[in-house]
Amino acid sequence: MNRRTVLITGATQGLGRGLALDLAERGHTLLLHGRDRGRLEAVAAEVARRAPGATVRTYLADLADLDQVHAMAARVRAAEPRLDGLVNNAVAGGGSEPLRREFSRQGHELRFAVNHLAPYALVRDLLPLLTASAPARVVNVASIGQETVDFDDVMLEHGYEGLRAYCRSKLAMIMATFELAAELDGTGVTVNTLHPAHLMDTEGVRAYGLTPVVAVDEGVRPTVRLLLDPDLASVTGRYFDRFTDARAHDQAYDPEARARLMRLTDELLARDAVTGS
């Protein structure tokens, strides 16, 4: 078996934890990210118990703070000899108080920051390691819940609602996936995105007040497939609904909208880097 080194964000619960356990049992090296040290150590210990021979290293960062995202990426680049896979799984869901508008440390709407800006910044920062390790794969965990990004109100200052913000941020993630895949074509680094399963039994689903429909394992299988399946080695720039190569929201295929989103994304990241906010 080709043993791979895989970084999973949001690995302390839900889908991220499920992915960690599955990949560890397959013999891969796991780099587990979390924002709570206690929960991160607990899931690392659980992985070690379930797969005694597994190699596990942990990385602490709050993805609602882009400074911490960049710092974590720097630590990964310094410590890891290779990176064969990155699963951007960490998520800010609809929230338990969906009418309360929340913000990242840099002042961006929280869901846009955690679900789009942070994973994009992480990929950017880790590209030297990913390309040096090629073939490598990036898997962005999106959602079937997608809503048009309104460029006149990207941060949802008007008519805010947590699930709407979540759906917009997930579409932004998909649009960025397509742009990155086109940019990286020929480098050996593929970038794909998926809706892993419908209403998995996760803390985020329950916090918003929804009733889970399926177990987390239902989302683990299609996500691991995108990461490991040899038949998908050259597939890039695609959106999958579980195992099916599917069509995302129409805006994801609008070149002008994608270019506009990426200009805004790059501007926000560059501004935050300059201000250090």
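Author: Take N88, which sits in strand β4 (residues 85-88). A word on the source: this is a predicted model, where local features need pLDDT of at least 70 and side-chain atom pairs count only at pLDDT 80 or more, while totals for chains, interfaces and linings use all residues. Residues are numbered from 1 along each chain as its sequence is written, and side-chain values use heavy atoms, with hydrogens and water left out.

Reader: How many helices and strands does the chain have?
Author: There are 8 helices and 8 strands.

Reader: Back to N88: is it buried or exposed?
Author: The idea is relative accessible area: buried means under 20%, exposed over 50%, and partly exposed in between (1.4 Å probe, protein chains only). N88 has 2% relative accessibility, so it counts as buried. Over the chain, 55% of the 277 residues count as buried.

Reader: And what does N88 touch?
Author: A contact means heavy atoms within 4.5 Å. Not counting residues up to four places away in sequence, N88 touches T9, P119, L122, V123, V138, V139, N140, V141 and M173.

Reader: What about D22, where is that one?
Author: D22 belongs to helix α1 (residues 14-25). Its relative accessibility is 19%, so D22 counts as buried. Leaving aside neighbours within four places in sequence, D22 is in contact with V220 and V224.

Reader: Which residues touch the most other members of the largest nonpolar core?
Author: A nonpolar core is a set of buried Ala, Val, Leu, Ile, Met, Phe, Trp, Tyr and Cys residues joined through side-chain atoms within 4.5 Å. The largest one here has 52 residues, and F112, L122, L126 and L130 touch the most other members. Elements giving two or more residues to this core include α3 (66-79), α4 (110-132) and β6 (189-195). Helix α4 supplies the largest share, 12 residues. As for L130, its contacts beyond four places in sequence are L83, A136, V138 and V189. A second, separate core has 30 residues, among them V6, L30, V47 and M200.

Reader: Where are L156 and R242, and what is phi for each?
Author: L156 is in the loop between β5 and α5, with a positive phi near 50 degrees. R242 lies in the loop between β7 (239-241) and β8 (244-246), and its phi, also positive, is near 60 degrees.

Reader: Are those two buried or partly exposed?
Author: L156 is buried, with a relative accessible area of 1%, whereas R242 has 24% and counts as partly exposed.

Conventions: Helix = DSSP H or I, 4+ residues; strand = E, 2+ residues; numbered from the N terminus.
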